[in-house]
Amino acid sequence: MDAAPARPGLRAWLRRLAVPQQELFAAEVRRETDPDAVPLADLEARQLAVVAGRLRAVVHRTDGRSPSVEAELYDGTGQVALVWMGRRRIVGLEAGTRLAARGRVGRLGDGRLAIFNPTYELRP
């Protein structure tokens, strides 16, 4: 007995089933990202950039000299830290939030790329 060929929708569903969860999340974030934004994988230090994606983590730092809020923005191609100095909390910033930000790219002490005190817009 010959096996019936799989329907195209079934093939796509089966392929999606085999893809790791992180890759599915990355693909979803890339679909949602602002077309004017620079892919985070292409960011370089010292460039002025518009970036967009989803926040994966938000940390409120109150220890040390000055408070700050640090968020990790992910767009499916890479990540960048967004750091607001002198802030204890920013309403609306939490893991999973979509946003677009603009600022000059720099580096943190550990070498990661970061944008300090970016202007930002929360996205639905």
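This is a short exchange about side-chain contacts in a predicted model.

Guide: In this predicted model, local features need pLDDT of at least 70, side-chain atom pairs count only at pLDDT 80 or more, and totals for chains, interfaces and linings use all residues. Residues are numbered from 1 along each chain as its sequence is written, and side-chain values use heavy atoms, with hydrogens and water left out.

Visitor: Why is the pair of tryptophan 84 and tyrosine 120 called edge-to-face?

Guide: Rings of Phe, Tyr and Trp (its six-membered ring) pair if their centres lie within 6.5 Å; planes under 30 degrees apart count as stacked, over 60 as edge-to-face and the rest as tilted. Here the centres are 5.4 Å apart and the planes make 75 degrees, so the pair is edge-to-face.

Visitor: What makes tryptophan 84 count as buried?

Guide: Buried means under 20% relative accessible area, exposed over 50%, partly exposed in between (1.4 Å probe, protein chains only). Tryptophan 84 has 3%, so it is buried. Tyrosine 120, at 31%, is therefore partly exposed.

Visitor: Why is the contact of glutamate 72 with arginine 56 called a salt bridge?

Guide: The term requires a side-chain nitrogen of Lys or Arg within 4 Å of a carboxyl oxygen of Asp or Glu. The closest N and O atoms are 2.7 Å apart, so the pair qualifies.

Visitor: What makes arginine 56 a charge over the face of tyrosine 74?

Guide: CZ of Arg or NZ of Lys must be within 6 Å of the ring centre and within 35 degrees of the ring normal. Arginine 56 lies over the face at 4.0 Å from the ring centre, so the distance is within the cut-off.
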